[in-house]
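Hi there,

Here is the structure I promised to pass on to you. Have a look at it first, and then read on for my notes.

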Amino acid sequence: MQSRIKIAFVSAEVYPFSKVGGLGDVAGALPTELAVLGAEIMVITPCYGSINHSDFDIQESPYRFTVKLGNEAIECGLSRWQSPEHPNFRVYFIENEHYFGSRGVYNDHKGISYDDNVKRFLLFSRAALEAFKVLNWIPDIIHCNDNHCATIPVYLKNRSVDYSYIWNTKTLLTLHNIAYQGIVKMDQWELFNLPDDLFYPTAPMEWYGQINPLKAGILMADAVSTVSPTHAEEIRKSQELSAGLKGVLASTGKAVWGILNGVDYSEWDPQTDIYITKPYSLKTVADKRFNKIALLNDVGIDQAMVNKPLISMVTRLVEQKGIPLLIEALERLLALDLAILILGSGEPDYERSLSAFAERFPGRLKIDFGYNNPLSHKIMAGCDIFLMPSRYEPCGITQMVAFKYGTVPLVHQTGGLADTVVRWDGQSGNGFLFELYSADDLIQSVLEAIFVYSDKNQWRRIMLNGMAADFSWQQSAKQYMELYRSLIDK
Ligand code: ADP
Ligand code: GLC
């Protein structure tokens with residue numbers, strides 16, 4: 001019998017404790033699925049101010065330790081959440097009032113990112129390594145996610161003496177978003193306590209005179225993955241889509257694994273969703289209409305639009321998500337007989353442009369600038385078309401959620417969107433895709449979708465095709481297990 005594999009899953013966001021985007025969703029769902037498959041799982045994440053211990057039954061622990069950053073010794077604590085369902089699954093929170101307890105995840109309450117984020121997440125990464133020591137729990141695999149913990153493989157591969165107890169552990173670095181690399185000016189170098197030969201020109205940590213943790217993580221991790229097969233190809237082939245790291249990826253000689261994300265159906269299922277007006281399923285899909293009526297009412301879109309297509313987005317308002325394309329297309333989209341609802345928060349310039357449109361089209365265009373989980377559920381249940389004009393999308397979770405709610409995705413054909421959305425051809429398919437990243441192509445695709453929408457039978461078939469699909473985490477978790485095992489056997 002194979003022994004229980006020990007996996008440490010290190011992530012800056014973990015739903016339901018913290019979440020900014022899909023990373024939180026992944027870190028909230030994948031470890032549970034790995035625990036179901038029999039792995040012994042420890043998730044490690046910072047304890048932000050927004051995490052209320054009593055809401056989640058998080059227990060204090062007696063462990064305290066110091067983390068060295070440069071010449072500073074920073075004191076940290078640990079608290080713990082034990083899964084009630086799975087004895088082999090727990091979450092450890094890194095406690096430090098100044099760096100985490102008094103702050104949000106990446107940004108302050110005005111949406112401005114903290115200027116010491118690189119230091120905060122370096123502290124987090126090294127605190128995770130210290131935690132293994134004080135807990136006397138040495139994982140077989142450390143699964144690192146994104147730039148925030150990309151230095152962990154660097155300390156291990158570099159045989160940093162402080163961490164000799166964990167030199168034999170293997171590392172996987174998953175790239176959820178390669179464009180965020182955690183780059184910081186060279187004057188921060190001493191915080192890393194790494195030998196200078198890692199920072200000479202062209203050395204692993206060096207990047208055009210600055211420090212690039214993600215680049216070094218890619219070079220030093222035992223394996224690298226991203227969150228869809230198509231995006232794995234894209235970052236290997238395109239300088240633009242790899243945000244400049246194509247050559248670095250190639251130089252490792254390692255494969256880039258592409259493992260598709262899943263959906264947590266215990267959270268996202270219109271049959272059991274606690275936030276929506278009327279539950280429905282494949283068999284009672286006509287009841288989706290009640291959710292549309294309630295949604296229009298809640299957000300203040302004219303009820304006269306109830307039989308017209310309602311297009312929605314739930315998104316971070318950043319360039320990646322195609323917001324400039326949307327803004328370019330909006331005037332022409334609103335000339336069509338449809339309504340648009342956007343829930344998003346992000347860059348103030350985008351918020352200003354979108355507000356100006358919303359003022360001109362009251363009753364047909366509504367924008368909610370906030371982060372609102374209950375509303376995001378109501379939107380999934382109440383709208384007809386879910387728009388994702390992303391310039392690039394490593395995976396995207398919301399299009400897969402939309403399927404389950406009978407909401408038809410209309411997406412730019414890129415990354416995980418290309419892997420999950422199949423163009424409706426009159427007989428089969430589950431959504432609409434446009435190939436070129438252009439406002440004209442986006443509008444063309446919307447025209448195609450509203451034409452099909454006017455044929456109730458066809459529309460119903462597209463909806464049912466999406467609802468019948470299974471994007472649960474089980475398959476992906478099995479692929480991660482195979483990958484972990486292959487690293488251990490190496
Ligand atoms: P990304 O991680 O790039 O933002 P994903 O599609 O993988 O994109 O995941 C986004 C997640 O964040 C989804 O669960 C989505 O519902 C959620 N989300 C994004 N913006 C908001 C918002 N303004 N309010 C509520 N949830 C949001
Ligand atoms: C990133 C990507 C998104 C992906 C998510 C979770 O934020 O932008 O496409 O779904 O990570 O992997």
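Let me begin with an open site. The lining of the second largest pocket draws at least two residues from each of H1, strand E5 (89–95) and H17. H1 supplies the largest share, five residues. Please keep in mind throughout that this is a predicted model.

The volume of that second largest pocket is about 610 Å³. It has 29 lining residues, and those nearest the centre of the pocket are Gly28, Ala29, Thr32, Asp264 and Ser266. Sorted by class, the lining holds 15 nonpolar, nine polar and five charged residues.

Now for the two helices named above. The axes of H1 (residues 22–36) and H17 (residues 473–489) come within 9 Å of each other, crossing at roughly 70 degrees. Angles of 65 to 115 degrees count as roughly perpendicular, so that is how H1 sits relative to H17. On the H1 side, the contact is made by Val26, Ala29, Leu30, Glu33 and Leu34, while H17 brings Trp473, Gln474, Ala477, Tyr480, Met481 and Tyr484. Nine of these contact residues are nonpolar, one is polar and one is charged.

The largest cavity has a volume of about 90 Å³. Its lining consists of Tyr15, Asp25, Gly28, Ala29, Gly262, Val263, Asp264, Glu267, Trp268, Ile397 and Trp473. By class, the lining of the largest cavity splits into six nonpolar, two polar and three charged residues.

The second largest cavity holds about 40 Å³ of space. Around it are Ile276, Thr277, Asn291, Ala294, Leu295, Asp298, Lys378 and Ala381. Helix H9 (288–299) and helix H12 (373–382) are the elements that give two or more residues to this lining, and H9 has the largest share with four. Four of the lining residues are nonpolar, two are polar and two are charged.

Terms used:
Residues are numbered from 1 along each chain as its sequence is written. Chains are lettered from A and ligands numbered from 1 in the order in which they are written. This is a predicted model: local features need pLDDT of at least 70, side-chain atom pairs count only at pLDDT 80 or more; totals for chains, interfaces and linings use all residues. Side-chain values use heavy atoms; hydrogens and water are left out. Axes are lines fitted to C-alpha atoms, for helices over the stretch in contact, and angles run from 0 to 180 degrees between N-to-C directions. Angles under 35 degrees count as roughly parallel, over 145 as roughly antiparallel, 65 to 115 as roughly perpendicular and the rest as oblique. Contact means heavy atoms within 4.5 Å. Ala, Val, Leu, Ile, Met, Phe, Trp, Tyr, Cys and Pro count as nonpolar, Asp, Glu, Lys and Arg as charged, and the others, Gly among them, as polar. On a 1 Å grid over the protein atoms alone, a cavity is a set of points where a 1.4 Å probe fits but cannot get out, and a pocket is an open set with protein on both sides within 12 Å along at least five of seven lines; lining residues have an atom within 4 Å of a point. Grid points are joined across faces, edges and corners, and a volume is the space filled by probe spheres set on the points.
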